[in-house]
Amino acid sequence: MAEWEAVIGLEVHAHLKTRTKMFCRCALEYGAAENTHTCPVCLAHPGALPVANERAIEHTIKLGLALGCEIAEHAVFARKNYFYPDLPKGYQISQYESPLCGPGRFVIPTAGGDEVVGIVRAHLEEDAAKTVHAGGATGRSVGADYSLVDFNRGGTPLIEIVSEPDLRSADEALRYLRLLRQTIVELGVSDAEMEKGTMRADVNVSVRERGEEGYRPRWELKNMNSFTFIGHGIEAAVREQIAAYERGETIEQSTYDYDADTDRLTVHRSKEEADDYRYFPEPDLVPVEPPAELVERLRAELPEGPGVRIRRLEQAVGFDVAYALVTTERDALYSGLVADGVEPRLAANWVMNEFAATGQDPAAVNVAEMAAVLKTPNLTRDALAAATAAATSASFASSDYTSQTAVSDESELEPAIDRVLAANPQQVETYRGGKEGVLGFLVGQVMKETGGKADPKVVNRLLREKLQG
Ligand SMILES: [Zn+2]
């Protein structure tokens with residue numbers, strides 16, 4: 001049987017964080033009452049003219065630079081023509097032959113070395129309005145009683161990042177997506193929240209025999225809006241395509257919907273080709289020609305990217321922990337604690353376990369006070385738990401917790417141990433008879449006797465000594 005490999009490329013869309021829409025002055029506001037942010041431009045009244053949003057252009061250049069892209073000296077907006085009720089102009093303003101950001105290389109750190117994903121382009125466009133289908137069972141147009149359009153979203157600046165088909169598994173695709181999302185968020189150009197619809201992805205999947213050159217027809221999974229579904233959707237597409245080829249069938253290039261409930265793909269429509277959209281340069285907008293000084297200023301302002309930080313943190317805590325810290329946006333907290341003298345593994349452990357479990361905002365932690373707590377020797381579990389719970393509160397002070405250190409002083413522990421041994425002669429007998437498992441019970445009794453403040457290691461040692469004596 002042939003050995004197959006997946007060939008995956010992603011088109012990621014993210015809403016850019018700007019005050020106003022891409023080509024008009026309407027405010028961008030999520031959750032605003034329907035159709036309250038509209039004007040003649042975004043409703044396509046005759047004669048209304050678009051003006052490009054400068055901030056959106058800067059955001060796109062910034063992201064392009066972070067993805068290692070060439071920034072065009074001359075970029076052109078183009079009309080992408082198609083009809084849809086939520087596209088009042090009958091075309092979307094996008095970029096086609098001359099995008100703002102050209103080819104690039106995005107480096108993804110993995111435990112086994114760097115993976116490079118080619119970026120075909122990153123371009124700027126406007127989003128369509130939002131159609132809401134009412135009635136019917138599926139919330140889709142088929143079977144709906146009626147549909148309404150909310151034009152608030154129409155004209156939202158959108159960046160589209162197109163990758164080369166360089167990804168070879170669902171895991172690789174998700175790694176790319178997570179790091180891309182993290183990069184976008186850190187640059188401050190988008191919230192990129194899949195649940196809110198400010199980031200979504202079209203996923204192109206095909207398979208080929210290992211060693212085969214070129215690409216076979218692909219399936220495009222449209223508008224995927226969760227990491228989990230993207231992973232499952234890719235796996236379903238790969239599985240179904242391999243099965244089809246092994247039955248001797250052919251695959252046609254099509255668009256698919258992934259149904260998370262059934263884990264199955266259903267054909268949406270056969271794929272349009274670029275020619276179908278009759279792209280042509282937008283006559284109402286001048287080309288974008290970013291000055292070299294602007295590009296260089298934005299390049300100089302780029303923060304250290306998440307991939308680079310993973311590599312830096314990896315040396316102290318290992319790849320997996322470094323990756324988890326960065327992709328959950330907790331590495332700044334970790335680095336703050338380490339800078340305040342907390343041992344790196346202890347800091348990472350606390351951040352990713354005790355602290356993460358509380359669901360608190362890492363940016364709100366009082367780092368200096370928390371570092372003081374973590375540096376306290378023999379801190380009791382209870383004191384650490386209490387400090388963790390309070391770490392983001394305004395009145396958090398380490399001194400409230402650091403006094404509760406574990407008792408390891410033998411002269412303090414001995415009376416408690418003697419009391420426990422005297423009260424449990426049966427267990428002492430059992431232990432001396434060779435059943436050492438009973439020691440755990442006795443340690444527990446001492447912990448109880450001391451209100452949980454005893455250092456269990458010391459109790460363990462003292463108990464053994466006394467029982468042998
Ligand atoms: Zn408008």
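**Figure 1. The largest cavity has a volume of about 100 Å³.** The closest residues to its centre are Cys42, Lys89, Glu126, Gly154 and Gly155. They belong to a lining of 15 residues. By class, this lining holds nine nonpolar, two polar and four charged residues. The model, which is predicted, holds one cavity of 30 Å³ or more.

**Figure 2. The second largest pocket has a volume of about 570 Å³.** Its lining numbers 20 residues. Nearest the centre of this pocket lie Asn378, Leu379, Thr380, Arg381 and Leu384. Three helices each supply at least two lining residues: H8 (344-358), H10 (381-390) and H15 (456-468). Ten residues of the lining are nonpolar, five are polar and five are charged.

**Figure 3. Helices H7 and H8 cross at roughly 140°.** Helix H7 spans residues 331-339. The two axes come within 9 Å. H7 is therefore oblique to H8; to count as roughly antiparallel, an angle must be over 145 degrees. The crossing of H7 and H8 is right-handed.

**Figure 4. Glutamate 429 sits in helix H13.** This helix covers residues 425-432. Glutamate 429 has a relative accessibility of 57%, so it counts as exposed; the cut-off for exposed is over 50%. Leucine 467 is 38 residues away along the chain. The C-alpha atoms of glutamate 429 and leucine 467 are 9.3 Å apart.

**Figure 5. Aspartate 263 has a positive phi, about 60°, although it is not a glycine.** Most residues other than glycine have a negative phi. Aspartate 263 lies in the loop between strand E11 (254-259) and strand E12 (264-270). Its relative accessibility is 28%, so aspartate 263 counts as partly exposed. That class falls between buried, under 20%, and exposed, over 50%.

**Figure 6. Arginine 278 is another residue other than glycine with a positive phi, near 45°.** Arginine 278 is placed in the loop between E12 and strand E13 (280-281). Is this arginine buried or exposed? Arginine 278 is exposed, because its relative accessible area is 58%.

Definitions and conventions
Residues are numbered from 1 along each chain as its sequence is written. This is a predicted model: local features need pLDDT of at least 70, side-chain atom pairs count only at pLDDT 80 or more; totals for chains, interfaces and linings use all residues. Side-chain values use heavy atoms; hydrogens and water are left out. Helices (H or I, at least four residues) and strands (E, at least two) are DSSP runs, numbered from the N terminus. Buried means under 20% relative accessible area, exposed over 50%, partly exposed in between (1.4 Å probe, protein chains only). On a 1 Å grid over the protein atoms alone, a cavity is a set of points where a 1.4 Å probe fits but cannot get out, and a pocket is an open set with protein on both sides within 12 Å along at least five of seven lines; lining residues have an atom within 4 Å of a point. Grid points are joined across faces, edges and corners, and a volume is the space filled by probe spheres set on the points. Ala, Val, Leu, Ile, Met, Phe, Trp, Tyr, Cys and Pro count as nonpolar, Asp, Glu, Lys and Arg as charged, and the others, Gly among them, as polar. Axes are lines fitted to C-alpha atoms, for helices over the stretch in contact, and angles run from 0 to 180 degrees between N-to-C directions. Angles under 35 degrees count as roughly parallel, over 145 as roughly antiparallel, 65 to 115 as roughly perpendicular and the rest as oblique. A crossing is left-handed if the near helix is turned anticlockwise from the far one by less than a right angle, and right-handed if clockwise.
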